Amino acid sequence: MKRIFVAVDISEEARRQAAAHIENLKKQFPRLRVGWERPEKLHLTLKFLGDTDDWRLANLTEAVESAAARQISNFKLQVSSTGVFPNQRRARVLWLGVIDGSGNLRKLNETLENECAARGLAREQRDFKAHLTIARLREPEKSGSLIEAHLRQNFEAVDFEISEIVIYESELLPQGSRYKIVSKHAFDSISEN
């Protein structure tokens, strides 16, 4: 069994800006117990499958291939805001928001869910919310100041282009998880809409 998820990657510039935001918060709140995400692991999850056997992985690969083939052009996204899950009073996750002005990321997610469902893979029950998880709060009750600082901080918007879908395996190691690329699936065209 492999822990599998499907994602799109962000640009190096978006990764650098997210890393700077994370570092700034880490310096301000060094004593809080927070699971900070490593910049190299930042991605936009389209679908999380969790423990996946070879049969489900083969079906997922077909679904991703088909969804990528239906996406006829690259598209732009923008990382531009800060937020928390589930809400500010009970926040457990800090995230950076993604603007999908064209609606292409949402359409890609819907296409992927439909392709997966057609192959017997369960649909995600939660609404799709494009975001980059940057931290998980280990002591949410002590993290009010961190939450406020994160939400107050002006994150400078950065645009980036999406051209492929990636299937990742998440390997659980003693020092945390590591992501390994299982396969990449480029869109049918490289021209931007």
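Reader: Which residues of helix α4 are buried?

Author: A residue counts as buried when its relative accessible area is under 20%, as exposed when that area is over 50%, and as partly exposed in between, with a 1.4 Å probe and protein chains only. Helices are DSSP runs of H or I with at least four residues, strands are runs of E with at least two, and both are numbered from the N terminus. In helix α4, which spans residues 144–152, the buried residues are L146, I147, A149 and H150. Seen down the axis of α4, these buried residues fall within an arc of 165°, so they line one face of the helix; the arc is that of the directions from the helix axis to the C-beta atoms.

Reader: On what kind of model and numbering does this rest?

Author: The model is predicted, so local features need pLDDT of at least 70 and side-chain atom pairs count only at pLDDT 80 or more, whereas totals for chains, interfaces and linings use all residues. Residues are numbered from 1 along each chain as its sequence is written, and side-chain values use heavy atoms, with hydrogens and water left out.

Reader: What covers the buried residues of α4?

Author: Contact means heavy atoms within 4.5 Å. The cover includes helix α1 (12–28) together with the strands β2 (34–36), β4 (75–85), β5 (93–99) and β6 (131–137). S145 is also in helix α4, but with 49% relative accessibility S145 counts as partly exposed. From S145 to A68 the separation is 77 residues in sequence and 42 Å in space, C-alpha to C-alpha.

Reader: How many helices and strands does the protein have, and in what pattern do they follow along the sequence?

Author: The protein has four helices and nine strands, and along the sequence they follow the pattern β-α-β-β-α-β-β-α-β-α-β-β-β. Among contacts between residues at least 6 apart in sequence, 79% join residues at least 24 apart.

Reader: How does the radius of gyration of the protein stand beside that of a compact globule?

Author: The radius of gyration is taken over C-alpha atoms, and the globule rule is 2.2 Å times the number of residues to the power 0.38. For 193 residues, a compact globule would have a radius of gyration near 16 Å, and the 17 Å of the protein agrees with this. Along the principal axes, the C-alpha atoms fill a box of roughly 45 × 40 × 25 Å. Of the 193 residues, 48% are buried.

Reader: Is E113 buried or exposed, and which residues does E113 touch?

Author: E113, which is in helix α3 (residues 104–118), has 7% relative accessibility and therefore counts as buried. Not counting residues up to four places away in sequence, E113 touches L46, K47, A122, R123 and E124.

Another glutamate, E169, is in strand β8 (residues 164–173), and at 10% relative accessibility E169 counts as buried. With the residues up to four places away again not counted, E169 touches K2, R3, I4, R178, Y179, K180 and V182.

Reader: Where does K41 lie, and is K41 buried or exposed?

Author: K41 is in the loop between β2 and β3 (43–52), and K41 is buried, with a relative accessible area of 8%. Leaving aside neighbours within four places in sequence, K41 is in contact with R15, S177 and Y179. The C-alpha atoms of K41 and I134 are separated by 9.5 Å, while the two residues are 93 residues apart along the chain.

Reader: Where does D188 lie, and is D188 buried or exposed?

Author: D188 lies in the segment after β9 (176–186) and is exposed, with a relative accessible area of 57%. Leaving aside neighbours within four places in sequence, D188 is in contact with A68, A69 and Q71. D188 and I4 are 184 residues apart along the chain, and their C-alpha atoms are separated by 24 Å.

Reader: Is the peptide bond from F85 to P86 cis or trans?

Author: Most peptide bonds are trans. The bond from F85 to P86 is cis, with omega near -5°, and P86 lies in the loop between β4 and β5.
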